[in-house]
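Here are some notes to read alongside the model, for someone opening it for the first time. Keep the viewer open as you go through the points.

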Amino acid sequence: MKKLVAEMTIAEKRDVAEGIFQLIVDRHLGYNNGLYDVCQGDFKTLSLLAYKLAVDAFDDHQPPKITNDDLQMLLKLPTSNISIGLPVFMPAKYCGGNMEFGRLFAFNICAFSSPDSIVGFRVDKKYPNECRAVKGLQH
């Protein structure tokens, strides 16, 4: 009898997320298969899969294996703006901003496989690269 995803170790969940990612790349997983259901409702596995999707979309060193259109269909995002309405299981999410804090982003630490992960950021050269941790992270 196979283990449920909820019973697996983090290393096993990482392997499951990698396998699901490969199914998506190979087009063996349709858009109607909800990612939540494919991960058996396990938030950690879903977050690790979301990390793989984000790395594929934003890695500068290789072309993405999954197109933006496919990503929008998988995540069921609105077609007008991919940054609006990202699911909570994604590694990072833009939360808007205000005059006091500037632009706010939320990080899903479940998307990172190590408790001592380092989160980096990059900005356009014309904007100041000032960043400060408001809650939950150390600078």
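**Notes on pockets, charged pairs and cysteines**

1. Let's begin with the second largest pocket, which holds about 160 Å³ of space. A pocket here is an open set of points on a 1 Å grid over the protein atoms alone, where a 1.4 Å probe fits, with protein on both sides within 12 Å along at least five of seven lines. Grid points are joined across faces, edges and corners, and the volume is the space filled by probe spheres set on the points.

2. A word on the source: this is a predicted model, where local features need pLDDT of at least 70 and side-chain atom pairs count only at pLDDT 80 or more, while totals for chains, interfaces and linings use all residues. Residues are numbered from 1 along each chain as its sequence is written, and side-chain values use heavy atoms, with hydrogens and water left out.

3. Which residues line the second largest pocket? They are Lys2, Lys3, Leu4, Val5, Met8, Val16, Ile20, Val38 and Gln40, where lining means having an atom within 4 Å of a point.

4. The term means a side-chain nitrogen of Lys or Arg within 4 Å of a carboxyl oxygen of Asp or Glu, and the count comes to four. Lysine 3 is partly exposed at 41% relative accessible area, and so is glutamate 12 at 28% (buried is under 20%, exposed over 50%, partly exposed in between, with a 1.4 Å probe and protein chains only).

5. Next, look at glutamate 18 and lysine 52, whose closest N and O atoms are 2.8 Å apart in a salt bridge. Glutamate 18 sits in helix α1 (residues 10-25) and lysine 52 in helix α3 (residues 43-58), 34 residues apart. Helices are DSSP runs (H or I, at least four residues), numbered from the N terminus.

6. Aspartate 70 and arginine 27 form another salt bridge, at 2.8 Å from N to O. Aspartate 70 lies in helix α4 (residues 68-75) and arginine 27 in the loop between α1 and α2 (35-38), so the pair ties together parts 43 residues apart in sequence. Aspartate 70 is buried at 10% relative accessibility, whereas arginine 27 is exposed at 57%.

7. Lastly, how many disulfides are there? The count is zero, a disulfide being a pair of cysteine sulfur atoms within 2.5 Å. Cysteine 39 is buried at 0%, while cysteine 110 is partly exposed at 28%.

Terms used
Helices (H or I, at least four residues) and strands (E, at least two) are DSSP runs, numbered from the N terminus.
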